[in-house]
Amino acid sequence: MTPSKNEHEALREILRRAYREKQKVDVTKQWQEEVMHRIRDLGEVEGRTSFFAQFEQLVWRLVPVTCLLILGLTLLLSSVEFFSSYDLAQLLVNHTEEITLNQFFGL
């Protein structure tokens with residue numbers, strides 16, 4: 001559930017008023033201790049533990065690395081030739097010979 005716009009405005013007004021009056025308030029040591037005690041009593045905040053939530057975090061952490069790897073490999077493959085054009089042409093020309101069974105078995 002999302003809070004309505006009126007609730008947001010009311011909360012903002014309360015926070016504004018508290019901010020403006022912060023210098024007027026005298027905070028004692030006992031008040032600070034009580035606040036810290038209440039915070040400790042709230043306990044730990046439960047994190048997202050579902051598989052898909054953890055998988056989403058992993059994916060978003062790996063996205064920049066993956067993009068850099070793709071970019072690097074693209075640059076590398078565009079600058080390096082696996083076959084020279086001469087070797088590729090020679091492969092196509094020399095492949096026209098057919099090996100017969102006689103040649104294969106030496107008959």
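Predicted model: local features only at pLDDT ≥ 70, side-chain atom pairs only at ≥ 80, totals over all residues.
## Helix H2 and the overall fold

Residues are numbered from 1 along each chain as its sequence is written, and side-chain values use heavy atoms, with hydrogens and water left out.

The protein chain has 5 helices and 0 strands, taken as DSSP runs numbered from the N terminus (H or I, at least four residues, for helices; E, at least two, for strands). Of its 107 residues, 1% count as buried, and its accessible surface comes to about 11400 Å², of which 62% belongs to carbon and sulfur atoms; such areas come from the Shrake-Rupley method with a 1.4 Å probe. The end C-alpha atoms of helix H2 (residues 29-42) are 20 Å apart, in agreement with the 20 Å that its 14 residues should span at 1.5 Å a residue, the expected span being 1.5 Å times one less than the number of residues. Just after H2, Gly43 takes a positive phi of about 85°.

The side chains of Arg16 and Glu13 meet in a salt bridge at 3.7 Å, N to O, where the term requires a side-chain nitrogen of Lys or Arg within 4 Å of a carboxyl oxygen of Asp or Glu. Arg16 and Glu13 are 3 residues apart in helix H1 (residues 5-20), and are therefore separated by about one helical turn. Arg16 is partly exposed at 40% relative accessibility, and Glu13 is partly exposed at 31%.

The structure holds 2 aromatic pairs, defined by ring centres within 6.5 Å for Phe, Tyr and Trp (its six-membered ring), with planes under 30 degrees apart counted as stacked, over 60 as edge-to-face and the rest as tilted. Phe51 and Phe52 form an edge-to-face pair, 5.4 Å centre to centre with 70° between the planes, whereas Phe51 and Phe55 are stacked at 5.9 Å and 20°. Phe51 and Phe55 both lie in helix H3, 4 residues apart, and Phe51, Phe52 and Phe55 form one aromatic cluster.

Phe51, Phe52, Phe55, Leu58, Val59 and Leu62 form a nonpolar surface patch with about 640 Å² of accessible area together; patches take residues with over 30% relative accessible area and no salt bridge, joining like charges within 9 Å and nonpolar side chains (Val, Leu, Ile, Met, Phe, Trp, Tyr) within 5 Å. Val59, in helix H3 (residues 51-79), is partly exposed at 34% relative accessibility.

Technical notes:
Buried < 20%, exposed > 50% of the residue type's maximum accessible area, 1.4 Å probe, protein only.
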